[in-house]
2 protein chains.
Amino acid sequence: MANSRSGDSVTDRLVRVLETFTTDRTVQTASEIGRRAALPSSTAHRIVDDLVAAGLLDRDDEHRVRLGMRLWELALRGSRALRLRQAALPHMERVQARIREHTQLAVLEQDSALFLERLSHPDAVSNITRIAGRLPLHASSSGLVLLAFGPAELQERVLQERLTAVSAETVTDAAALRRLLADIRRTERVVAPGSIETLATGVAVPVRDADGDVIAALSVVLPRETQPDVAIAELLRAARAIRADLAAAGHVSGR
Amino acid sequence: MANSRSGDSVTDRLVRVLETFTTDRTVQTASEIGRRAALPSSTAHRIVDDLVAAGLLDRDDEHRVRLGMRLWELALRGSRALRLRQAALPHMERVQARIREHTQLAVLEQDSALFLERLSHPDAVSNITRIAGRLPLHASSSGLVLLAFGPAELQERVLQERLTAVSAETVTDAAALRRLLADIRRTERVVAPGSIETLATGVAVPVRDADGDVIAALSVVLPRETQPDVAIAELLRAARAIRADLAAAGHVSGR
């Protein structure tokens with residue numbers, strides 16, 4: 001593919017344009033996109049025009065653009081995210097109906113926990129995860145599960161980094177984190193009180209595919225005072241049911 | 001953006017590569033992609049390499065590629081599809097819990113009904129819709145609702161086409177279809193027996209945003225012998241609730 005003078009490919013610049021859209025910034029002008037993507041204005045306008053012509057961006061009457069339904073369609077058709085999420089959804093609904101708190105499915109992606117699905121409950125405690133949002137591996141219950149069962153190389157890399165405290169209770173000591181990861185591998189669960197928000201406890205378990213590989217983390221966010229036992233039992237039951245469904249459907253491993 | 005000699009932009013070629021992935025074809029080699037996208041092999045390999053480098057495609061040990069989680073993330077963050085679907089999901093769950101059949105949310109996209117969400121029930125009758133799948137406007141209950149409330153220009157275009165019969169009961173006569181669309185606008189519902197599958201009846205209602213514009217269709221698929229009255233009441237109630245939630249959240253119109 002043609003490279004620009006700065007050496008990055010057109011694909012890179014296109015990704016940089018798409019990256020300027022976030023859950024909080026859904027409508028932008030081409031000039032704003034150029035500034036945020038650090039692209040020359042003429043380049044940004046040309047890429048935006050091409051993306052509008054291809055249907056990946058939609059332009060409104062005020063010349064602002066937003067992500068198009070066509071992009072959503074292309075990204076979802078044939079994606080592992082959709083397959084895994086479809087297998088998990090009925091079981092997540094059961095967990096959410098019984099526990100009546102946020103119920104979430106996350107996968108490991110580029111050193112973060114990426115949330116594929118979140119079922120909310122109107123009365124549930126606050127929770128900062130969003131669909132297509134990310135949380136740090138060491139500072140969320142889902143992330144801890146994904147890290148515990150992730151590649152050894154990833155664990156060593158995270159353990160050698162300076163671990164950021166997201167709340168006062170985030171585990172930031174490498175030795176303590178190493179022990180916690182070993183605990184998670186042994187018990188197939190984590191209860192992480194206040195690691196993201198002081199008033200909430202994250203409870204997560206691994207989801208395995210037919211081959212036994214951990215492909216996701218299933219979690220609920222409980223009010224701090226709630227005992228996690230019932231939630232753990234529901235999550236473990238759901239994870240087993242998802243694995244059975246994936247095996248029955250012949251789905252390929254998620255990662 | 002740099003244009004190739006054939007006059008299509010790099011963005012076009014990139015979209016053509018992504019378009020080769022479908023719900024039934026999730027893993028391909030670069031050579032297969034080139035053939036299916038009608039691109040020279042060297043071009044296909046270069047675009048695939050760039051997409052892998054950007055994380056939009058993942059490559060496995062056998063040099064086959066599939067859509068990456070990163071593409072899913074970029075497409076969903078800040079997308080209207082996600083916002084609308086999140087507003088609709090709790091109400092769809094209620095419909096599905098009461099009717100116990102497939103419950104679906106579709107939007108108008110490029111002259112088709114594009115399905116954003118589908119809740120299945122293990123015992124439900126068969127149904128060919130899939131998430132991120134499409135159905136013809138004139139031959140599905142969701143599509144008929146979207147067409148009835150769609151732009152007049154779209155209706156005239158569809159009415160002037162040769163209407164394909166998907167089943168023996170698909171309405172293919174332009175005058176009959178015009179009357180059906182007027183009925184749907186008057187009654188805010190459609191009951192479409194066997195328009196896609198002989199054994200099933202599609203029942204759909206419009207979903208309006210805070211401004212009263214129709215932004216989606218909400219539908220269930222009933223066994224042919226089931227009376228649609230309860231389903232219609234549940235769908236209308238859910239559509240009103242979604243509209244109220246969209247108004248409360250200050251969401252912008254879906255289209």
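Visitor: In this predicted model, how many residues of chain A are in contact with chain B?
Guide: Contact means heavy atoms within 4.5 Å. The model is predicted. By that cut-off, chain B brings 58 residues to the contact with chain A. On the side of chain A, the number is 56 residues.

Visitor: What area is buried between chain A and chain B?
Guide: The size of an interface is often given as the accessible area lost when the parts come together. Here carbon and sulfur atoms give 62% of that area. The total buried between chain A and chain B is about 5400 Å².

Visitor: How many salt bridges are counted between chain A and chain B?
Guide: A salt bridge needs a side-chain nitrogen of Lys or Arg within 4 Å of a carboxyl oxygen of Asp or Glu. B:Asp58 and A:Arg80 meet this way, at 2.4 Å from N to O. The count between the two chains is 8 salt bridges.

Visitor: How do the residues on the side of chain A that touches chain B divide into nonpolar, polar and charged?
Guide: Elements giving two or more residues to this side include α1 (10-19), α3 (41-53) and α5 (80-99) of chain A. Charged residues number 17 and polar ones 10. The nonpolar residues number 29.

Visitor: Is A:Arg85 buried or exposed?
Guide: A:Arg85 lies in helix α5 of chain A. Beyond its neighbours within four places in sequence, its contacts include A:Leu105, A:Glu117, B:Arg85 and B:Glu117. Buried means under 20% relative accessible area. A:Arg85 has 6% relative accessibility, so it counts as buried.

Methods
Residues are numbered from 1 along each chain as its sequence is written. Chains are lettered from A and ligands numbered from 1 in the order in which they are written. This is a predicted model: local features need pLDDT of at least 70, side-chain atom pairs count only at pLDDT 80 or more; totals for chains, interfaces and linings use all residues. Side-chain values use heavy atoms; hydrogens and water are left out. Buried area is the accessible area (1.4 Å probe) that two parts lose on being put together, summed over both. Helices (H or I, at least four residues) and strands (E, at least two) are DSSP runs, numbered from the N terminus. Ala, Val, Leu, Ile, Met, Phe, Trp, Tyr, Cys and Pro count as nonpolar, Asp, Glu, Lys and Arg as charged, and the others, Gly among them, as polar. Buried means under 20% relative accessible area, exposed over 50%, partly exposed in between (1.4 Å probe, protein chains only).
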